[in-house]
Amino acid sequence: MGNADYECPRRVSIPPSKPFFNSLKSGLKETLFPDDPFRQFKNQSASRKLLLGLQYFVPILEWAPRYTFEFFKSDLLAGITIASLAVPQGISYANLANLPPILGLYSSFVPPLVYAMMGSSKDLAVGTVAVGSLLISSMLGKEVNPNENPKLYVQLALTATFFAGVFQASLGFLRLGFVVDFLSHATIVGFMGGAATVVCLQQLKGILGLVRFTHATDLQSVMRSVFSQTSQWRWESGVLGCCFLLFLLLTRYFSKKKATFFWINAMAPLTSVILGSVLVYFTDAERHGVQVIGQLKKGLNPPSLSELDFGSPYLMTAVKTGVIIGVIALAEGIAVGRSFAMFKNYHIDGNKEMVAFGMMNIAGSCTSCYLTAGPFSRSAVNFNAGCKTAVSNIVMATAVMITLLFLTPLFHYTPLVVLSSIIIAAMLGLIDYEAVIHLWKLDKFDFIVCMSAYVGVVFGSVEIGLVIAVTISLLRVLLSVARPRTFVLGNIPNSVTYRSIDQYPDAKSVPGVLILHIDAPIYFANASYLRERISRWIYEEEEKLKISGETGLQYVILDMSSVGSIDTSGISMFEEIKKVVDRRGLKVLTLFQDLTFPNFLFNFLNCLYRLVNISYYDAASAGEPSKRSDQEAKQFQVH
């Protein structure tokens, strides 16, 4: 059968085993500290290590000494611009959360100051977010009616914000930021789109001037509430709301057409508030059914540590709400920060961001603020306004402070319908239909995840949509582990490349050899499946060769170049496969190789050919030359 003493090239010795504690240390380091944050402390004095530690957790200490007046001019302009957006948005989103409007202004004062000191993003503009406000309204509103018991409702909102901050900071300190990665891009697109749709539907209350409205967020309940009160619709509010919504959408359209006009879109909400207030004041529209904000209390944030209600019977509801809104705020804020950092070519540390988000929400909950994050609309305005550092957040907080001290009485006549228009205009930008189309073209499973999240939010509830999306995403992860891809490799003619026969119709299998590629680590979760699947591949290949009358199967090659690790269950599985193959009279070979795998496989097959002189004579022909010998030899030994 050939030269049995022939040795194939490229023999690699088995590497020595690593001590257990060294392997454990290496695994923990790769899991929790992939960026190796301790490398900067090596060979440093104690005082230097203390300074570097402070700069790590409070980044402003690192970049403040290099701050210039040119930077300040850019940050001043950007800060004033986003402040003009923060004031009306803060009031609008607080109204969406069924909280006193003044809390929306409070939330744009203290948290931005904390983030400016601890955040690592130069472009993120901190403030209240619509999705977080909706979650607070829907989850806490089920337990406590904000109209019947407003004090308890505010206490629960502040308590939920505190737990959101604790959860966020804990993820950052414990280096568990990868938990947020389970919210895939498709999940976020679908969830945000569904939440934006629900928020827009909820604003029909303000647009139509309705006093009573459902607290449910599903489409059926909202439509039932709207059309069961047709006699209560106020045409004055409807006309006013449509006019301001058209104005806001037109300003956004012109700003997108020409980036230099970004300030038009940024100033539009505040302009709408001013125009609406003046219109209501001079036309006495309040008496004709146009609802207004009413009196806003002057002064800075009062302390609210005593308002955190840890002994409430609704404490678990506050904890659950805090965890959910904390995860959503992190996912949105970090994604927004990283997207803008990419444009300016600097790095965002996800764990630092989690700590910064957590600390600003903990501080906010103690100073009458509810959940804050990094909304995309405000951050986009900050970026387009030319901000250089997080000082733009300090400028915005200063402008909000001046508003709280002196200007709050001016918002007395601001119509609620204008706030509804501002929210709808902002939410329409979160419905990213282009991303949905892209998902459909690129990955149908991601499209299903996206649409499941959207449908769950719109027709169920925000919580149901989130649970459905996360469950499907986790199911996909489990399926990729429990059911890894395996496929047959074939040779691309006139090349040394081997590819999947299913994907490449031109790829030809090697006579008498079955080459299987395993595309995942081998664990206890997929060992049984792989044993059955490999056995089935062998059976199907033998049946195919038997029917076609070609050379019988002699070798099974398992390409495991994509297998990163194998546990004990995987080893047992290979032992069973070896027994199955031996019973069939076949030989099995496993290949662990790097990027040079195609050339290696090529040389290996040539080596194998020289060992067994395969395909020159068939056993059944009793020494007669095979009719296919020349052709098979050429297929097998390609140079």
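In the predicted model, strand E4 (residues 555–559) and strand E5 are paired in the parallel sense over 5 bridges; two strands count as paired if DSSP finds at least two bridges between them. Within this pair, Val 556 stands opposite Val 588 of E5. Strands (E, at least two residues) and helices (H or I, at least four residues) are DSSP runs, numbered from the N terminus. Residues are numbered from 1 along each chain as its sequence is written. Because the model is predicted, local features need pLDDT of at least 70 and side-chain atom pairs count only at pLDDT 80 or more, while totals for chains, interfaces and linings use all residues; side-chain values use heavy atoms, with hydrogens and water left out.

E4 and E5 belong to an open sheet of 5 strands with mixed pairing, in the order E2-E1-E3-E4-E5. The edges are formed by E2 and E5 (587–591), each of which has a single partner strand, so one side of each is left without a neighbour in the sheet. On average, neighbouring strands of this sheet are turned by 30 degrees against each other, direction ignored. Helix H22 (residues 524–548) packs on the sheet and touches E1, E3 and E4, where contact means heavy atoms within 4.5 Å. The direction of H22 makes about 155 degrees with that of E3; axes are lines fitted to C-alpha atoms, for helices over the stretch in contact, and angles run from 0 to 180 degrees between N-to-C directions.

Strand E1 (residues 486–491) is mostly covered, with 6 of its 6 residues buried; buried means under 20% relative accessible area, exposed over 50%, and partly exposed in between (1.4 Å probe, protein chains only). E1 runs antiparallel to strand E3 (residues 513–518), to which 3 bridges join it, and Thr 486 has Ile 518 as its bridge partner in E3. E1 also pairs with strand E2 (residues 498–500) in the antiparallel sense over 3 bridges, with Asn 491 opposite Tyr 498. E1 and E2 form a hairpin with 6 residues between them, and Asn 494 in the turn has a positive phi of about 60 degrees.

A search of the whole structure finds 11 salt bridges, each defined as a side-chain nitrogen of Lys or Arg within 4 Å of a carboxyl oxygen of Asp or Glu. One of them joins the side chains of Asp 443 and Arg 476 (2.7 Å, N to O). Asp 443 lies in the loop between helix H19 (433–442) and helix H20 (444–459) and Arg 476 in helix H21 (residues 462–482), so the pair ties together parts that are 33 residues apart in sequence. Asp 443 is partly exposed, at 22% relative accessible area, and Arg 476 is partly exposed at 30%. Asp 443, Asp 446 and Arg 476 are linked in a network of salt bridges.

Arg 485 forms a salt bridge with Asp 519, the closest N and O atoms being 2.7 Å apart. Arg 485 lies in the loop between H21 and E1 and Asp 519 in the loop between E3 and H22, so this pair ties together parts that are 34 residues apart in sequence. Glu 541 is buried, with a relative accessible area of 9%, whereas Lys 544 is partly exposed at 44%.
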